[in-house]
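Reader: Please present the model for discussion, and let us then go through it by question and answer.

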Amino acid sequence: MIRKIIASVLIFLFLLGPVYSDPIEYEYEPYEEDEFPIWSHELRRAESIFFGSLVITFPVAMGVYSLASSFGMPTPEEDYQKVLQQALIAGGLSLIIAGTDWIIGRVSGE
């Protein structure tokens with residue numbers, strides 16, 4: 001009985017807040033041209049390229065890893081270590097891709 005009363009009071013309190021709260025009425029303000037420093041734009045681009053390329057590099061790393069292990073590459077016994085090695089390979093490839101994009105951007109002068 002006490003549980004039902006406590007549950008009813010909690011539900012009532014959680015539903016009571018939004019009913020009496022003021023609606024938020026504001027308009028979207030677009031970012032200004034100089035609101036963020038240049039390095040944060042470069043970091044955001046590198047982050048997007050790094051995590052976006054993981055979608056491609058992880059299956060490639062898995063395929064190359066299984067191909068290399070079938071040709072006699074020594075592999076660990078436990079599955080989590082195999083997955084960790086594949087993830088490190090994929091992360092390294094993605095880091096190379098993001099770094100290459102950054103270097104190309106620096107050389108081309110964007």
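Author: Helices here are DSSP runs of H or I with at least four residues, numbered from the N terminus. The model is predicted.

Reader: In which element is the place of Leu95, and is Leu95 buried or exposed?

Author: Leu95 lies in helix 3, which covers residues 79-108. Exposed means over 50% relative accessible area. Because the relative accessible area of Leu95 is 57%, Leu95 counts as exposed.

Reader: Is Ser94 buried or exposed, and which residues does Ser94 touch?

Author: Ser94 is also placed in helix 3. The cut-off for buried is under 20% relative accessible area, and Ser94 has 0%, so Ser94 is buried. Leaving aside residues up to four places away in sequence, Ser94 touches Phe50, Ser53, Leu54 and Thr57.

Reader: Against which helix do the buried residues of helix 3 pack?

Author: The buried residues of helix 3 are Gln86, Ala90, Gly91, Ser94, Ala98 and Gly105. An α-helix has 3.6 residues a turn, so residues three or four places apart point the same way. The buried residues of helix 3 pack against helix 2 (38-70).

Reader: What distance does helix 3 reach from its first C-alpha to its last?

Author: Helix 3 has 30 residues, for which 44 Å is expected at 1.5 Å a residue. Close to that value, helix 3 reaches 43 Å.

Reader: Which residue follows helix 3, and what is its phi?

Author: The residue after helix 3 is Gly109. The phi of Gly109 is positive, near 85°.

Definitions and conventions:
Residues are numbered from 1 along each chain as its sequence is written. This is a predicted model: local features need pLDDT of at least 70, side-chain atom pairs count only at pLDDT 80 or more; totals for chains, interfaces and linings use all residues. Side-chain values use heavy atoms; hydrogens and water are left out. Helices (H or I, at least four residues) and strands (E, at least two) are DSSP runs, numbered from the N terminus. Buried means under 20% relative accessible area, exposed over 50%, partly exposed in between (1.4 Å probe, protein chains only). Contact means heavy atoms within 4.5 Å. The expected span of a helix is 1.5 Å times one less than its number of residues.
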